[in-house]
Amino acid sequence: MPGLALCAALLLLSGCSDDDGPAAVEGGEDGVGIRGVVARQKTAEGVEGVTVAILAAGRPVHAAVTGPDGGFASGPMDDGIYEVVPVGLELAGLDPRFDAMEPVRDTVRVNSGAAEDRVFTVVGLVPARVTGEVTCGGEPDTGATIRVAGGAATDRVAGTDPLGRYAVLDLPAGVYTAIPESGACAVEPAFRVLVLRPGEFGRADFGG
């Protein structure tokens with residue numbers, strides 16, 4: 001039976017309860033059906049505590065947890081085609097704002113009880129940000145404030161510096177609206193909408 005932590009992660013895929021769901025397998029032995037490693041791209045250091053879900057026809061059938069060296073193994077499996085998906089990254093201390101998994105999922109064919117090893121890489125990301133300038137009469141507005149709202153329940157206010165520039169840093173990916181709230185004069189546009197992917201920088205300038 002899967003533990004509660006594994007259930008929380010696998011709910012992202014199909015759902016389970018403490019009394020019903022795919023069996024959880026930690027570690028493994030030689031000759032297992034599916035095995036692999038989760039490691040950091042820059043250091044090649046293994047990442048412990050990542051839950052790896054194994055799906056057949058879209059349904060989780062096994063779950064493995066990476067050990068101290070980042071390795072995981074499913075245990076013996078029937079021949080067939082499976083999807084291998086790292087899930088519940090937060091349970092391993094990873095932050096979606098700063099960490100991305102490559103690939104997000106992989107397909108494995110088990111033949112005669114054996115399959116090739118799979119490698120998942122944790123790639124460090126620069127958090128998304130919104131920056132811009134506010135001007136009034138062609139000059140920097142040094143007293144303006146800009147509200148940036150959206151994303152994962154983000155609501156932040158930034159003030160401009162002596163050059164009229166502002167910045168809102170460390171944002172998760174998402175859709176944001178930058179709205180001028182105060183300043184030396186009325187500015188245009190009234191707001192700007194930005195769609196930010198992980199690590200992307202968005203710019204929103206305002207002038208009056």
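Is Ala44 buried or exposed? In this predicted model, Ala44 is exposed, because its relative accessible area is 59% and the cut-off for exposed is over 50%.

- Ala44 sits in the loop between strand 2 and strand 3 (51–56), and its phi is near 65 degrees, a positive value in a residue other than glycine.
- Ala57 is not a glycine either, yet has a positive phi of about 55 degrees.
- The loop between strand 3 and strand 4 (59–65) holds Ala57, which counts as exposed at 86% relative accessibility.

**Cis peptide bonds**
- Glu102 and Pro103 are linked by a cis peptide bond with omega near -10 degrees; Pro103 belongs to the loop between strand 7 and strand 8 (106–110).
- The bond joining Glu188 and Pro189 is cis, with omega about -10 degrees, and Pro189 lies in the loop between strand 15 (174–182) and strand 16 (192–196).

- An open sheet of 4 strands has the order 5-2-9-7 and mixed pairing.
- Strand 5 (71–73) and strand 7 (99–102) are the edge strands, each pairing on one side only.
- On average, neighbouring strands of this sheet are turned by 20 degrees against each other, direction ignored.
- Strand 2 (residues 35–40) and strand 5 run antiparallel and are joined by 3 bridges; Val37 has Gly71 of strand 5 as its bridge partner.

**Thr154**
- Thr154 is part of strand 13 (residues 154–159) and counts as buried, because its relative accessibility is 13%, against a cut-off of under 20%.
- Leaving aside residues up to four places away in sequence, Thr154 touches Val148, Ala149, Leu171, Pro172 and Tyr176.

Definitions and conventions:
Residues are numbered from 1 along each chain as its sequence is written. This is a predicted model: local features need pLDDT of at least 70, side-chain atom pairs count only at pLDDT 80 or more; totals for chains, interfaces and linings use all residues. Side-chain values use heavy atoms; hydrogens and water are left out. Helices (H or I, at least four residues) and strands (E, at least two) are DSSP runs, numbered from the N terminus. Buried means under 20% relative accessible area, exposed over 50%, partly exposed in between (1.4 Å probe, protein chains only). Contact means heavy atoms within 4.5 Å. Two strands pair if DSSP finds at least two bridges between them. Axes are lines fitted to C-alpha atoms, for helices over the stretch in contact, and angles run from 0 to 180 degrees between N-to-C directions.
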